[in-house]
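Subject: A structure for you to explore

Hi there,

Here is the structure I promised to pass on, with my notes below it. Have it open on your screen while you read.

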2 protein chains.
Amino acid sequence: VFEKYGFSELQTPALEYKEVLTGKMGEEAERLMYLFKDQGERDVGLRYDLTVPLARVMGNYPNLTKPFKRYQIQNVWRAENPQRGRFREFLQCDIDTVGTANINADLEIIICVAKCLEILRFRDFKILINDRNVFTQIDIGGTVSQDELQKVYRSLDKIKKIGEEGVKENLIESGFSADQSEAILKNANFLKENNNIVLLKKRLDKLGLKDKYVFAPTLARGLDYYTGLIFEIEIEGYSAGSVAGGGRYDELIGMFTDKKIPAVGGSLGFDRLIDAMNQLNLFPKDLITSKALVLNLPNFEEKALEVADKLRENNINTEVYLDSNVEKGKQFNYAEKKGIPYTIVPNENETFTLGWKNENGEIEKVENITFDNLLEHLRS
Amino acid sequence: VFEKYGFSELQTPALEYKEVLTGKMGEEAERLMYLFKDQGERDVGLRYDLTVPLARVMGNYPNLTKPFKRYQIQNVWRAENPQRGRFREFLQCDIDTVGTANINADLEIIICVAKCLEILRFRDFKILINDRNVFTQIDIGGTVSQDELQKVYRSLDKIKKIGEEGVKENLIESGFSADQSEAILKNANFLKENNNIVLLKKRLDKLGLKDKYVFAPTLARGLDYYTGLIFEIEIEGYSAGSVAGGGRYDELIGMFTDKKIPAVGGSLGFDRLIDAMNQLNLFPKDLITSKALVLNLPNFEEKALEVADKLRENNINTEVYLDSNVEKGKQFNYAEKKGIPYTIVPNENETFTLGWKNENGEIEKVENITFDNLLEHLRS
């Protein structure tokens, strides 16, 4: 899907310098980073996400053609308390478009990520959309500084988890007065879509995603670097958290280049997707396994190896039992345990016996067939 | 290829406990490991290979059906001095068969690895074969202990690099007398194939790999854990090192399980393969990229997004230029720079202009065609 939309693959090293990893992500993220000294006494760490390494690459290679559209499918590491849908090592699938502030880039990211979910056969998902600038509507009886605004939307982001009372307490802890906190919460109920969101929605409708998105004025996302549109995707019936998210970050790459370079990206959490697919039974039944096991019996050892090789050449995944001194029954057992549906016993005169279990669990056999017959059976 | 031979995928975490990683690999390997303390003050490290993590998994899950055949395609980390074909992070592709000492398992590993090279279109490769037990033939006028034998084959392994004189010096440094070293070198020239090698060769011939292998009596491989057959594959014309290797290690898994469990495996070095493929021009010319760029012009913005989406639905990788306020020439330029062969300009009345460069570098065009025409052109 990523390649269909014109994204090309990038891979980056697992280790980055500490100074690259930290300072752009917020304190909470920093606490979860695996940082250490390498053999050259350099401060390094395991990548925490795929966005910061991308920003570093853009800084190292300023002459890349822009807009630069890359996808990256690699692991990231976070020293979390592991729990369902939350891992210390997990695979992220990211797409980012660097070098344009045009809303079409934001739109494309959202659509491309949504298409991935459709291809995995998720039907009931919801794209939550917001814009960091929506929060500037919050008026607590005076001007709110950038710093204070950050505290506000970090608190509001938790509203689903801790409720309005929780958010209020959180705001007070962050230094707001009780009255201010009250006002913020009240204001939050009346946050309105800005022009950015309105245009985005119009185009999403046009491109077949009507009814798939919702304006989510309290959505903030944890990371500090977002500057505009933000989104998250939730799957109905899957409660371990959002499976995708992203947003616009027009300031991050500038930290590696001196020059401000706008960018927008999205990320799919692979492991959560697997978890959700399992829960919703979206995996096909017959995941790749061997189709046939060739039994290995005394005096037919080389025969067994040869027929297996010939089957593979004909694109049949085939195992050959490796020990000819193991009794026949145990070899059949092995096929059964591993879920290999067909067994093949080589006979005299270049013929074979093919066996399998029918729908009622009864063993069926065809005996003394030629290799061509065997192939025909396995293909049908 | 791995799946064709009945190997199933396994992935393991990047981090393992230090005690898992060290102690089985030899000192040289240990010096190259990235070891550190995690947030819980546990001694951990990045995996150095894929064999030790497999052995650990076998220890953790003793009831896995055996023979257990797994493939694993993941990165490993080594604090090397980077140079051509030698990286600090690189991708290994391993297959291993655990739970049988039968030589058919060794045979299958070698054939499966060789098949991978054939599929990548390497023609002139050589499989160097040896058996660690071949070295027991070395007689220096008395019994040689296991420990001494290890020193012997470690030195002999370097013969290609440092020559006979170098090996002799190396042996003397390891504690052998000058006379003993002389005797070892002389003996090394007369090492003979053992029964294991003879049988292996016979079956390799039978399965179509005649002329692809050679008995290499001084091949030792660096790691301590091998106990029987060892092999390496070299590609003619590629000098940065072997691209694959492996062997039998019947003692390693026992260190994690109390019980001795025989095993054999092989590993392809992905990054070296890429390097060798580049050098030998084995990559196809048209690696995946976008087939078409849809230009984004004022008043045709949504049109552009829509036609791109329709092309993708028809399996044409399509980019749409994201900014409608960038002049046409620059948009054509972008396609050129990115090597996108076709450009599409949306016109009035649901028609399009398709452009491309012909073999002589001249621009050709078809104007005012319908979407169906457009699709036909792009498919042909």
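Which residue lies over the face of B:Tyr48? B:Arg78 does, at 4.1 Å from the ring centre. Chain A has a pair of this kind too, with A:Arg78 over the face of A:Tyr48 at 4.0 Å from the ring centre. A charge sits over a ring if NZ of Lys or CZ of Arg is within 6 Å of the ring centre and within 35 degrees of the ring normal.

Before you go further, please keep in mind that this is a predicted model: local features need pLDDT of at least 70, side-chain atom pairs count only at pLDDT 80 or more, and totals for chains, interfaces and linings use all residues. Residues are numbered from 1 along each chain as its sequence is written, chains are lettered from A and ligands numbered from 1 in the order in which they are written, and side-chain values use heavy atoms, with hydrogens and water left out.

Rings that meet rings

Over all chains, the structure holds 14 aromatic pairs. Rings of Phe, Tyr and Trp (its six-membered ring) pair if their centres lie within 6.5 Å; planes under 30 degrees apart count as stacked, over 60 as edge-to-face and the rest as tilted. One of the pairs is B:Tyr321 with B:Tyr334, which is edge-to-face, with 5.3 Å from centre to centre and 85° between the planes. B:Tyr321 lies in the loop between strand E13 (318-320) and helix H12 (328-338) of chain B, while B:Tyr334 is in helix H12 itself, so the pair ties together parts that are 13 residues apart in sequence. For these labels, helices (H or I, at least four residues) and strands (E, at least two) are DSSP runs, numbered from the N terminus.

Are the two tyrosines buried or exposed? B:Tyr321 is buried at 8% relative accessibility, and B:Tyr334 is buried at 4%. Buried means under 20% relative accessible area, exposed over 50%, and partly exposed in between (1.4 Å probe, protein chains only).

Where helices of the two chains meet

Now turn to helix H11 (residues 301-313) of chain A. Its axis and that of helix H4 (residues 103-119) of chain B come within 13 Å and cross at roughly 25°. Axes here are lines fitted to C-alpha atoms, for helices over the stretch in contact, and angles run from 0 to 180 degrees between N-to-C directions. H11(A) and H4(B) are therefore roughly parallel to each other. The cut-offs are under 35 degrees for roughly parallel, over 145 for roughly antiparallel, 65 to 115 for roughly perpendicular, and oblique for the rest. Residues of H11(A) including A:Leu305 and A:Arg312 meet residues of H4(B) including B:Leu107 and B:Glu108; contact means heavy atoms within 4.5 Å.

H11(A) also packs against helix H8 (residues 195-206) of chain B, at an angle of about 45° and with the axes 10 Å apart. The contact is made by A:Glu301, A:Glu302, A:Leu305 and A:Glu306 on the H11(A) side and by B:Lys202, B:Arg203 and B:Lys206 on the H8(B) side. H11(A) and H8(B) are therefore oblique to each other.

Two buried residues

A:Ser290 is in the loop between helix H10 (270-279) and strand E12 (292-294) of chain A, and this serine is buried, with a relative accessible area of 4%. Beyond its neighbours within four places in sequence, A:Ser290 is in contact with residues of chain A, including A:Asn317 and A:Ile340, and with B:Gly6.

B:Leu171, in helix H6 (residues 159-173) of chain B, is buried at 0% relative accessible area. Leaving aside neighbours within four places in sequence, its contacts include B:Val152, B:Phe176 and B:Ile184.

Backbone details

Most residues other than glycine have a negative phi, and most peptide bonds are trans. The peptide bond from A:Lys66 to A:Pro67 is cis, with omega near -5°, and the bond from B:Lys66 to B:Pro67 is cis, with omega near -5°. A:Glu350 is not a glycine, yet has a positive phi of about 55°; this glutamate is exposed, at 53% relative accessibility. B:Asn368, in strand E16 (residues 363-369) of chain B, has a positive phi of about 50° and is exposed at 52%.

Enjoy exploring!
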